Amino acid sequence: MNTPHIQTFPNLQALTAAAIDTVLEQAAAAITERGCFTIALAGGNTPKPLYEGLAKANTPWAQWQIFWGDERYVPHDHPDSNAGMAMATWLKHIDIPTANIHPMPTDEPDPAVAADRYEATLQQVLAPATGTIPSLDLILLGMGPDGHTASLFPHTAALQIRDRLVTVGDKDGQPRLTLTVPFINQARYILFLVTGANKQTALRHILSRTGDPHTYPAMLIEGQCTWFLDQAAAEGVVKQQGV
Ligand code: 6PG
């Protein structure tokens, strides 16, 4: 397990400013080294101001490849759609080729077929060496009060998947699509954005490694992790960890 890097910010605004800098730094480095930058986006509320900020950034968008870490199984124009949210707050405001934007498909009657399609898209764009797990340059993740991340929810089958990049998640019986634990852990840079006091209990178990990973799925993310926390989420957690 890699030692996570944890940074605490007084508020969402300061956390967002640091996240914008971090994403653009990682993009510049990847484009210099490999000619392109591959990123997977998080849903939920916390990343919205980050996306709004990136809409104003000066970067070669044509060398970005945009994926999602998870998706609610609804049409992309539905208010709950993660793809819809990122399009509205960021992607429709920038000059990026449509072919570089890869929303998770939600138009299949069977979500498992949609997961297969997205797996093929990832393999095709990331083109890993035969038999290896491809690496995204950066994946953005949030965390729920229950310790879920992406759509890897407590005590669900998706947590066990080790031979795929994408699988079907289960939120209270509602299907989701989600990247899998081994694929997420393969990313060159994993950036957690976590805000709100209601996240403290899960964070305490996750950062102290005292919880059960199936109860707190974010514990299964053990790659190159950086945690950006606001003060409300970090209160009574980070200091106790002596981190
Ligand atoms: C989703 C997300 C999910 C989210 C957490 C945290 O589709 O809901 O990808 O994993 O990141 O629920 O959400 P907040 O940032 O809104 O607290």
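Hi everyone, and thanks for coming. Before the tour, some housekeeping. What we have is a predicted model, where local features need pLDDT of at least 70 and side-chain atom pairs count only at pLDDT 80 or more, while totals for chains, interfaces and linings use all residues. Residues are numbered from 1 along each chain as its sequence is written, and side-chain values use heavy atoms, with hydrogens and water left out.

Let's start with the whole chain. Its secondary structure comes to 8 helices and 9 strands; helices here are DSSP runs of H or I with at least four residues, strands are runs of E with at least two, and both are numbered from the N terminus. The C-alpha trace spans about 45 × 40 × 35 Å along its principal axes. How does the radius of gyration agree with that of a compact globule? For 243 residues, such a globule would have a radius near 18 Å, and the chain has 17 Å, which agrees. That radius is taken over C-alpha atoms, and the globule rule is 2.2 Å times the number of residues to the power 0.38.

Now, what share of the residues is buried? Of the 243 residues, 53% count as buried. Buried means under 20% relative accessible area, exposed means over 50%, and partly exposed is in between, using a 1.4 Å probe and protein chains only. The accessible surface of the chain is about 10,400 Å², and 51% of it belongs to carbon and sulfur atoms. These areas come from the Shrake-Rupley method with a 1.4 Å probe, and for residues only the protein chains shown count as cover. Among contacts with a separation of 6 or more, 76% are between residues 24 or more positions apart; a contact means heavy atoms within 4.5 Å.

Next, the inside. In soluble globular proteins, nonpolar side chains tend to be buried together. Here the largest nonpolar core has 81 residues, and the ones touching the most other members are W64, W68, W90, L140, L179 and W227. Helix α1, residues 12–34, gives the largest share of this core, 8 residues. By nonpolar core I mean buried Ala, Val, Leu, Ile, Met, Phe, Trp, Tyr and Cys residues joined through side-chain atoms within 4.5 Å. Take W68: leaving out residues up to four places away in sequence, W68 touches a list of residues including N82, A83, A86 and L179.

Some of those names bring us to helix α3, residues 82–89, where 6 of the 8 residues are buried. They are N82, A83, G84, M85, A86 and T89, and they pack against β2 (37–41), α2 (48–54), β3 (64–68) and β4 (70–72). At the start of α3, a side-chain oxygen of S81 comes within 3.2 Å of the backbone nitrogen of A83. That is a polar contact: a pair of N or O atoms within 3.5 Å, where within protein one must be able to donate a hydrogen and the other to accept it, and residues adjacent in sequence count only if both atoms are side-chain atoms.

How many residues surround the ligand? There are 14, and the closest are N45, T46, D70, R72 and A150; a residue is near a molecule or strand if one of its heavy atoms lies within 4 Å of it. An oxygen atom of the ligand sits 2.9 Å from a side-chain N or O atom of N82. For T46, the distance from a ligand oxygen to a side-chain N or O atom is 2.7 Å, and a polar backbone atom of G43 is 3.3 Å from a ligand oxygen. The protein covers 88% of the 410 Å² of accessible area that the ligand has on its own.

Most residues other than glycine have a negative phi, and most peptide bonds are trans. H155 has a positive phi of about 55° although it is not a glycine, and D172 has one of about 50°. H155 is in the loop between β5 (138–141) and β6 (166–171), and D172 is in the loop between β6 and β7 (174–179). Are they buried or exposed? H155 is exposed at 57% relative accessible area, and D172 is exposed at 72%.

T156 is also in the loop between β5 and β6, but T156 is buried at 13%. A polar atom of its side chain lies 2.6 Å from the backbone oxygen of F153. Finally, E119 in helix α4, residues 111–126, reaches the backbone nitrogen of L165 with its side chain at 3.0 Å.
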